[in-house]
Amino acid sequence: MSVTDPQPPAPDARDAAQEALHDRIAADSLTTRRDYLRIVATVSGGLAVGGVAVASGILHRHGDSEGAPEPKRIADRIERGESLAFRYPGDEDRAIAVRMEDGTLTGYSAVCTHLACAVLWRKDRGSEGELYCPCHEGIFDARTGEVTAGPPPRGLPKVLLIEQVDGSVWAIGTARSGESAVEGFCRQNGDDRPFCPGFGSGPGGKTAERSERT
């Protein structure tokens with residue numbers, strides 16, 4: 001045998017090296033499995049806590065404030081069949097405006113009531129389009145904001161929109177989930193507006209009567 005040929009390792013040395021390699025692979029595999037399970041548990045726990053927080057109202061929702069938010073011009077014009085993403089009443093509040101094909105203008109919070117994912121407008125779905133949450137296939141009626149499919153537990157809170165004679169669109173208030181636009185506006189701006197239930201009420205909430213003494 002040439003002096004340059006490598007000498008085969010002794011049987012005992014080879015067995016010891018293979019056993020050490022096997023132990024290392026097993027240890028690395030166990031560590032990897034533990035890390036994977038820890039990551040899965042952390043993510044699952046975070047989703048569960050997030051879901052409970054949203055469901056229980058811990059997280060901020062549109063319409064939570066009692067005071068009237070400042071009116072905000074959100075668009076010069078919104079054409080039929082179009083939608084617009086905007087922020088209202090605060091910079092952290094995602095909202096969406098939709099102009100239906102018949103000209104109806106609607107506005108909602110763009111935060112899904114399930115796990116707070118973003119809500120999108122899908123014009124080509126259904127007879128009139130739909131508001132859709134891609135995270136868990138939640139679907140909301142574009143005219144009412146109510147849930148039509150999927151796991152969301154409540155309808156979308158409304159954003160109150162008005163259109164001026166020049167075509168500009170303004171957000172002027174919010175309504176809580178399940179609350180009508182009028183109820184939300186009257187709650188935030190006072191119950192003494194002409195279209196509010198308390199309009200014309202005197203002290204104690206009773207309708208004031210005019211005396212017609214002669």
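Mentor: Start with Cys112, which is buried at 3% relative accessibility. This is a predicted model. The closest cysteine sulfur to that of Cys112 belongs to Cys133, at 3.7 Å. A disulfide needs the two sulfur atoms within 2.5 Å. The gap of 3.7 Å is therefore too far for a bond. Cys133 is buried as well, with a relative accessible area of 2%.

Now the bonded cysteines. The whole structure holds two disulfides. One of them joins Cys117 to Cys135, with an S to S distance of 2.2 Å. This link is left-handed, with -105° about the S-S bond. The pair connects distant parts of the chain, 18 residues apart. Cys117 sits in the loop between strand 4 (105–109) and strand 5 (120–122). Cys135 sits in the loop between strand 6 (130–133) and strand 7 (138–140). Their surroundings can be compared too. Cys117 counts as buried at 16% relative accessibility, while Cys135 is partly exposed at 41%.

Another disulfide is formed by Cys186 and Cys196, with sulfur atoms 1.9 Å apart. Its link is left-handed, at -95° about the S-S bond. Cys186 lies in helix 2 (residues 181–189) and Cys196 in the segment after helix 2, so the bond ties together parts 10 residues apart in sequence. Both Cys186 and Cys196 are buried.

Last, the order. Counting bonded cysteines along the chain, the disulfides follow the pattern 1-2, 3-4.

Technical notes:
Residues are numbered from 1 along each chain as its sequence is written. This is a predicted model: local features need pLDDT of at least 70, side-chain atom pairs count only at pLDDT 80 or more; totals for chains, interfaces and linings use all residues. Side-chain values use heavy atoms; hydrogens and water are left out. Helices (H or I, at least four residues) and strands (E, at least two) are DSSP runs, numbered from the N terminus. Buried means under 20% relative accessible area, exposed over 50%, partly exposed in between (1.4 Å probe, protein chains only).
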